[in-house]
Amino acid sequence: MAEIGFYHLTRTDFYAALPALLGRTLSVPERALVVCADGAQLLKLDAGLWQSINPDWLPHGTATTAHPEWQPIFLTLDGTANPAGAKFLFRIGGAAADPAAFTRVFDLFDGNDEDSVLAARARWRDAKAAGHGLTYWKQEETGWVKAG
C-alpha cells in the first residue's frame with residue numbers, strides 16, 4: 001500500500017508549490033512521476049520547472065524527451081506511463097493515476113475551488129477504503145502543516 005499525502009493548496013497554485021516538493025524528492029534520492037490533468041498544464045509545468053529558482057535544477061522530461069527512462073522527474077498525462085520506474089507519484093488537480101504501484105503519492109489540489117476540494121475528499125475516501133496510509137497537509141503562511 002502507498003502512503004498518500006493530500007496537499008491542500010490555499011496560498012499558491014501547484015506550479016509554485018511543486019518545485020520544492022520535487023526538489024526534496026530528488027534529495028532523498030527518489031524518482032518522480034508527475035501526472036497532469038491536461039496538455040496545457042503539462043506544457044506550463046515543463047517550462048516552469050526549467051525556470052525554477054528554488055531548487056535551481058529540476059531535471060525532467062516528457063514523452064517527447066529522448067531516453068525518458070533516464071529522467072528523474074517524468075511529466076505525463078498517462079498515469080500508467082512510468083518509464084524510469086519512479087516510486088513517488090504526484091497527482092496534480094485530480095489527475096488519474098493508480099497509487100498502488102508507488103510507495104508515496106502526493107495529491108495536490110486547489111483548496112480555493114470547491115469542486116477540487118469535493119473531488120479530493122472522494123479520492124481520500126477511495127484511498128482509505130483501499131487501505132492506503134493517509135496524511136493531510138494544508139498550506140499555511142509558514143509552509144505545510146500536517147493536520148489530522
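Two residues are in contact here when heavy atoms of one lie within 4.5 Å of heavy atoms of the other. In this predicted model, Thr62 touches Leu42, Asp46, Pro68, Phe74 and Leu75, leaving aside residues up to four places away in sequence.

**Thr62 and its loop**

Thr62 is found in the loop between H2 and S3, and because its relative accessibility is 8%, where buried means under 20%, Thr62 counts as buried. The side chain of Thr62 also makes a polar contact, at 2.9 Å, with the side chain of Thr64. The loop between H2 and S3 holds His67 as well, whose phi is near 55 degrees, a positive value in a residue other than glycine. Most residues other than glycine have a negative phi, and most peptide bonds are trans. With a relative accessible area of 39%, His67 is partly exposed.

**Helix H2**

Helix H2 comprises the twelve residues 39–50, which at 1.5 Å a residue should span 16 Å, and the distance of 17 Å between its end C-alpha atoms agrees with that expectation. At the start of the helix, a side-chain oxygen of Asp38 reaches to within 3.2 Å of the backbone nitrogen of Ala40. The buried residues of H2 are Gln41, Leu42, Leu45 and Leu49. Seen down the axis of H2, these buried residues fall within an arc of 95 degrees, so they line one face of the helix. An α-helix has 3.6 residues a turn, so residues three or four places apart point the same way. What covers the buried residues of H2 includes helix H1 (14–27) together with the strands S2 (32–35), S3 (73–76) and S4 (88–92). The face of H2 that is turned away from its buried side carries the exposed residues Ala40 and Leu43.

| Cis peptide bond | Omega | Loop holding the proline |
|---|---|---|
| Val28 and Pro29 | about -5 degrees | Pro29: between H1 and S2 |
| Asn54 and Pro55 | about 0 degrees | Pro55: between H2 and S3 |

**Gly131**

Gly131 lies in the loop between helix H3 (114–129) and strand S6 (133–140), and its relative accessibility of 46% makes it count as partly exposed. Gly131 and Gly85 are separated by 46 residues in sequence and, C-alpha to C-alpha, by 23 Å in space.

Key
Residues numbered from 1 in each chain as written. Predicted model: local features only at pLDDT ≥ 70, side-chain atom pairs only at ≥ 80, totals over all residues. Heavy atoms only, no water. Helix = DSSP H or I, 4+ residues; strand = E, 2+ residues; numbered from the N terminus. Expected span 1.5 Å × (residues − 1). Buried < 20%, exposed > 50% of the residue type's maximum accessible area, 1.4 Å probe, protein only. Arc of directions from axis to C-beta. Polar contact = N/O pair within 3.5 Å; in protein donor to acceptor, adjacent residues only side chain to side chain.
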